[in-house]
Amino acid sequence: MAKMKGAVVVNTERCKGCNLCVAACPLHVLSLTSKVNQKGYNYVQQVVENTCNGCSSCAIVCPDGCLTVYRTKSEE
Amino acid sequence: MTKEDIIKPENLVYQKPRLLNDNPMHYCPGCSHGVVHKLIAEVIDEMGMAEKTIGISPVGCAVFMYNYLDIDCQEAAHGRAPALASAIKRLWPDRLVFTYQGDGDLACIGTAETIHALNRGENITIIFINNAIYGMTGGQMAPTTLLGMKTATCPYGRVPEIHGYPLKMTEIAATLEGTCYVTRQAVHTVAAIRRAKKAIRKAFENSMQGKGSNLVEIVSTCNSGWKMTPEAANKWMEEHMFPFYPLGDLKDTSETK
């Protein structure tokens, strides 16, 4: 069955670590890292690779427009 | 399928709107202003009005709106954005003119300008960010602060005997003859953001079709001013703000005008 596969790319320097995307993700693929960006914020990262279906919820709620979402059909 | 296979230009489904530039926003982490900026940028781009839009930024946190949106912007004196927008729209009727105001700007110092611009039926859109607090100046009580809500200037909670009652500007606007579309939205969930975007689009279209003035109130959070995390602020807003500021369209005469 065709399944939607997604990937999230984070603009880590723009991210302020507000955690809203982590809360909005229905599949829990995002998490704040322990690393910090130049401004000192713990930025967000996609921690689970295969679960994301590219629904874009994270990017829609992101107040700073840090997230770019890609989505494609997978025949696996 | 690896992440590299998915990340290709043809698979792109969401990115930062074109009209939102790369300047890092000065807003606090999790602030609703960023989401509303994104929605405005998306709507203007989808309408193809990027070259023909004039935004009026207020005094308040959104005073630097012109740094983030790649459209023409004009700064107004505190609270006077609707008056300036009226003038710009009358001189340039083919331009999309909107004001972007917070509750201190619109509901306090600019109450007269706001009500009269709406009542005159100027073909403008007012985006009203209501976070029930003065965010930029450090979390003082606003006209829209809820009863019992603690702020820097009412540390024991707002009491009606001393501070009066919260002001529902959107309800007042809905009673005015000049308004075409008056709605209250929020941007705390994906569904709410989609509804808010539709509302902004409708308001912008109404103003371009000369149907009258439009007011889109966005019930927002100010997590720094409320002293909460962004997630807790969203939850607090759902529990406390929405009962007093219920979401939905208050007036819509865009079909009949």
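Which residue is the bridge partner of Tyr70(A) in β1(B)? Before I answer, a word on the model. It is predicted: local features need pLDDT of at least 70, side-chain atom pairs count only at pLDDT 80 or more, and totals for chains, interfaces and linings use all residues. Residues are numbered from 1 along each chain as its sequence is written, while chains are lettered from A and ligands numbered from 1 in the order in which they are written.

The bridge partner of Tyr70(A) in β1(B) is Leu12(B). Strands here are DSSP runs of E of at least two residues, and helices are runs of H or I of at least four, both numbered from the N terminus. Two strands pair if DSSP finds at least two bridges between them. β4(A) and β1(B) run antiparallel and are joined by 2 bridges. On the chain A side, 8 bridges link β1(A) to β4(A), residues 67-74, again antiparallel; within that pairing, Lys5(A) has Thr72(A) as its partner.

Together these strands form an open sheet of 3 strands, in the order β1(A)-β4(A)-β1(B). β1(A) and β1(B) stand at the edges with a single partner strand each, so one side of each lacks a neighbour in the sheet.

I turn now to the contact between the chains. Counting residues as in contact when their C-beta atoms, placed from the backbone, lie within 7 Å, 30 residues of chain A meet 27 residues of chain B. On the side of chain A that touches chain B, β4(A) gives the largest share, 6 residues.

The next topic is the core. A nonpolar core is a set of buried Ala, Val, Leu, Ile, Met, Phe, Trp, Tyr and Cys residues joined through C-beta atoms within 7 Å. A residue is buried if 20 or more other C-beta atoms lie within 10 Å of its own. The largest such core has 91 residues, of which Cys21(A), Cys58(A) and Ile218(B) touch the most other members. α2(B) supplies the largest share of this core, 7 residues. Beyond its neighbours within four places in sequence, Cys21(A) contacts residues including Leu30(A), Cys58(A) and Leu67(A).

Finally, consider helix α9 of chain B, residues 190-208. At 1.5 Å a residue, its 19 residues should span 27 Å, and its end C-alpha atoms are 27 Å apart, which agrees; the expected span is 1.5 Å times one less than the number of residues. Among its buried residues are Ile193(B), Ile200(B) and Phe204(B). Their cover includes α2 of chain A as well as α2, β4, β5, β6 and β7 of chain B. Just after this helix, Gly210(B) adopts a positive phi of about 70°.

Conventions
A residue is buried if 20 or more other C-beta atoms lie within 10 Å of its own, exposed if 12 or fewer, and partly exposed in between; C-beta atoms are placed from the backbone. Two residues are in contact if their C-beta atoms, placed from the backbone, lie within 7 Å.
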